Amino acid sequence: MCIRDSYNEEISLKSGVVLQGAGAQVTTLHGSGTGPHVVRAIAADANTRIDRFTITGGIRAVGGHEGSGIYCEDSSLTISNNIIHSCEAEYGGGIRLLRSPATIQNNTISGNYAIAGGGIFAEQSPEVVISCNVIQDNEVPNWGGGIFADDTAQIENNVISGNNVTEGVNGGGGINAYGSGVTIINNTIVNNSVPASRGGGISSDPSKPPSIINCIFWGNSGGDLYLCSATYSDIEDGNAGEGNISEDPGFLRADSNNYRLRPGSPCIDSATSGGPSTDIDGRNRPKGNGYDMGAYEFYPISNAPVIMLLLSEGTP
């Protein structure tokens, strides 16, 4: 099903349905104001997809646990190519997963608010894949400004920036990884914040620390890592893990949220194998002599000469 324009209503997504917009810049689903979420999927199978929408205007359901942007229960759907912003919820301002091994990819999830999991809240949802998203400027009092995950999850190739935990009893400005089997690989985790040194980048349960590989942590307030460690990563705070560095990553234009790498970045060719085969832009890894840290693989601009032909008037 393909739809256009803007719609002010709550949508219940049935199993097996592919709901596709004309593009996130074209088709908007806006909360009706009568329910706590914009899109709801219950028992939706892996053939179900919501794709290419702007999803906004979900309201906070006081005392309820629904995510106000997209709420998924017992579902294995794909959520892709959407812009999800300006939603509020108790848990999961942008997306709330309950017992839902969903795939969340190529979305921008920004400006949402919740009690926990400002961007994404994944509870009892094993094998969740969170890949190639921009997750930015979300806010919570506690428990994961960008992402909260309490079960196995693959979190890869994301830019996680500018998310905020305001109280910080339980931190994780970028990610709160509270479950066993969480893998966090090739993410750029920058400029997130949490008070009281509770992990502006990532916080975890010390009895179930996540595997953190090939990431960049820079500009985070409240410490990069809390109760966890990383390898083959660029960590501003420093960390003794294998292959780690602590050098300015040399972003192309951090002031405009462009976290691609400049030529000469110390993150180029400094990661290890075993990560995703492509980057957030869909370009192949590795390029050059090795894998790069962060969400973006460095691709140099061509230095081929530009040949200009000046033709005189009347030249055939």
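Among contacts in the chain (heavy atoms within 4.5 Å) between residues at least 6 apart in sequence, 68% join residues that are at least 24 apart. The model is a predicted one, in which local features need pLDDT of at least 70 and side-chain atom pairs count only at pLDDT 80 or more, while totals for chains, interfaces and linings use all residues. Residues are numbered from 1 along each chain as its sequence is written, and side-chain values use heavy atoms, with hydrogens and water left out.

The chain contains zero helices and 34 strands. Both kinds of element are DSSP runs numbered from the N terminus, helices (H or I) having at least four residues and strands (E) at least two. Of the 316 residues, 52% count as buried. Here buried means under 20% relative accessible area, exposed means over 50%, and partly exposed lies in between, with a 1.4 Å probe and protein chains only.

The interior may be considered next. A nonpolar core is a set of buried Ala, Val, Leu, Ile, Met, Phe, Trp, Tyr and Cys residues joined through side-chain atoms within 4.5 Å. The largest such core has 44 residues, and Ile50 and Ile184 are those with the most contacts inside it. Apart from this core lies another, of 17 residues, among them Ile268, Ala271, Ile280 and Ala295. Leaving aside neighbours within four places in sequence, Ile50 is in contact with residues including Leu13, Leu29, Ile70 and Ile79, and also with Thr78, Ser80 and Asn82.

Beyond its neighbours within four places in sequence, Ala153 is in contact with Val128, Gly181, Val182 and Thr183. Ala153 and Glu127 are 26 residues apart in sequence, yet their C-alpha atoms are 5.1 Å apart in space.

Charged residues form a further theme. Side chains of opposite charge can pair when their charged atoms come close. A salt bridge is counted where a side-chain nitrogen of Lys or Arg is within 4 Å of a carboxyl oxygen of Asp or Glu, and by this rule there are nine. In one of them, the side chains of Glu123 and Arg96 meet at 3.1 Å, N to O. Glu123 belongs to strand E17 (residues 120-123) and Arg96 to strand E13 (residues 95-98), so the pair ties together parts that are 27 residues apart in sequence. Glu123 is partly exposed, at 21% relative accessible area, whereas Arg96 is buried, at 2%.

Arg283 takes part in two salt bridges, one with Asp279, the closest N and O atoms being 3.1 Å apart, and one with Asp281, where that distance is 3.5 Å. Asp279 is buried, with a relative accessible area of 1%, while Arg283 is partly exposed, at 24%. Asp281 is also partly exposed, at 36%. Through shared partners, salt bridges join Arg260, Asp279, Asp281 and Arg283 into one network.

Finally, the cysteines deserve attention. The structure holds zero disulfides, a disulfide being a pair of cysteine sulfur atoms within 2.5 Å. Cys215 counts as buried at 0% relative accessibility, and Cys228 counts as buried at 14%.
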